[in-house]
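Here's a quick tour of the charged pairs in this one. Take a look at the model first, then read on.

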Amino acid sequence: MSRTMSRFTLLLAGLLLAAPVVGSAPKPRAPEAPPVPLLWKVSDADSSLYLLGSFHLLAKSDYPLSQDVDRAFKDAESLVFEVAPDDLDDPGVTAKMLALASSDAGSSLARVTPPDLAPALASRLAAFGLPAERMAAFEPWFVDTMLVTVLGQRAGYAPKDGLDRVLMARAKAAGKPARGLETVDQQLATLDSTPLAEQVASLREFVEEGEGAEAKLAALHAAWRSADLTALETMTREEMRERTPVTYQRLNVDRNRAWVPQLERMLADGRDHDVLVVVGALHLLGDDGVVSLLRARGYRVERICSACTPPRR
């Protein structure tokens with residue numbers, strides 16, 4: 001697997017939910033069978049949490065969802081997302097993101113792009129409709145987020161069709177309460193805190209992957225659709241941990257550890273109140289993922305997957 005796959009872990013680690021929508025409408029994609037869900041059930045004596053791994057940019061062809069997800073949604077009295085729907089839909093979110101991304105001139109793209117990278121990066125940005133002169137004032141993390149968003153849209157995906165957004169709309173239509181594990185401010189602060197050297201390394205990967213970027217995105221999407229845990233871990237956790245270890249720690253591990261006590265309180269306070277928790281799929285994978293962390297604390301954890309064949313994890 002190419003080492004450049006790690007840059008797409010943003011699609012499975014969250015933090016794209018606040019990205020401005022850019023570009024034209026995504027191209028249509030042919031209908032497909034429902035995705036195999038990344039779904040686990042965590043139980044104590046009187047309540048359950050369903051943990052569902054999302055992909056933050058999807059296509060209409062990724063729907064309808066698996067019957068397993070539909071059953072979990074029906075069973076849940078409330079839903080929890082990385083960010084509460086009301087927080088995410090705040091009209092000031094985009095302005096807040098733009099302001100944070102341009103708040104430190106010393107960390108701007110114009111100041112931190114190495115001379116050997118600048119011409120090729122400018123060319124690639126322009127090809128994506130993001131001229132370098134307009135991006136120059138922003139920090140690399142924001143530019144990288146925009147690049148992934150534009151690439152996804154060109155490949156036929158859209159933020160509004162992401163699993164989180166679709167289930168937020170379903171929860172609202174069904175009158176089910178929904179809340180968040182963190183705020184938009186916390187998400188943006190996490191991105192803004194990643195090391196500049198690792199942010200620049202991600203942009204260098206973008207230049208190096210060239211026209212192969214869409215194929216890499218397609219491979220990651222296919223692994224998510226088929227719930228191929230081995231492939232997903234190789235493409236995301238292993239790549240990100242090796243290439244950008246501090247970013248991996250902050251975007252994934254630290255957030256997982258912050259979420260687990262909240263999930264435990266939901267179980268403790270549940271009293272027959274079941275909850276569907278929808279987070280980026282990366283957060284559920286591996287020995288530092290939420291599934292393993294809750295299992296290590298002694299909760300009953302089972303994979304819910306009618307389409308899977310043993311063994312399950």
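This is a predicted model: local features need pLDDT of at least 70, side-chain atom pairs count only at pLDDT 80 or more; totals for chains, interfaces and linings use all residues.

Residues are numbered from 1 along each chain as its sequence is written, and side-chain values use heavy atoms, with hydrogens and water left out. Side chains of opposite charge can pair when their charged atoms come close.

**The overall count**
- You'll find 16 salt bridges here (a side-chain nitrogen of Lys or Arg within 4 Å of a carboxyl oxygen of Asp or Glu).

**Pairs involving helix 2**
- Helices are DSSP runs of H or I with at least four residues, numbered from the N terminus.
- R71 and D68 form a salt bridge, N to O at 2.8 Å, and both belong to helix 2 (residues 67-75), three residues apart, or about one turn of the helix.
- D68 is buried at 5% relative accessible area, while R71 is partly exposed at 47% (buried is under 20%, exposed over 50%, partly exposed in between, with a 1.4 Å probe and protein chains only).
- D70 pairs with R170 in a salt bridge, with 3.0 Å between the closest N and O atoms.
- D70 sits in helix 2 and R170 in helix 9 (residues 163-174), so this pair ties together parts 100 residues apart in sequence.
- Both partners are partly exposed: D70 at 30% and R170 at 28%.

**Other salt bridges**
- D161 and K160 meet in a salt bridge at 3.5 Å, N to O.
- D161 is buried at 7% relative accessibility, whereas K160 is exposed at 51%.

Note on methods: Helices (H or I, at least four residues) and strands (E, at least two) are DSSP runs, numbered from the N terminus.
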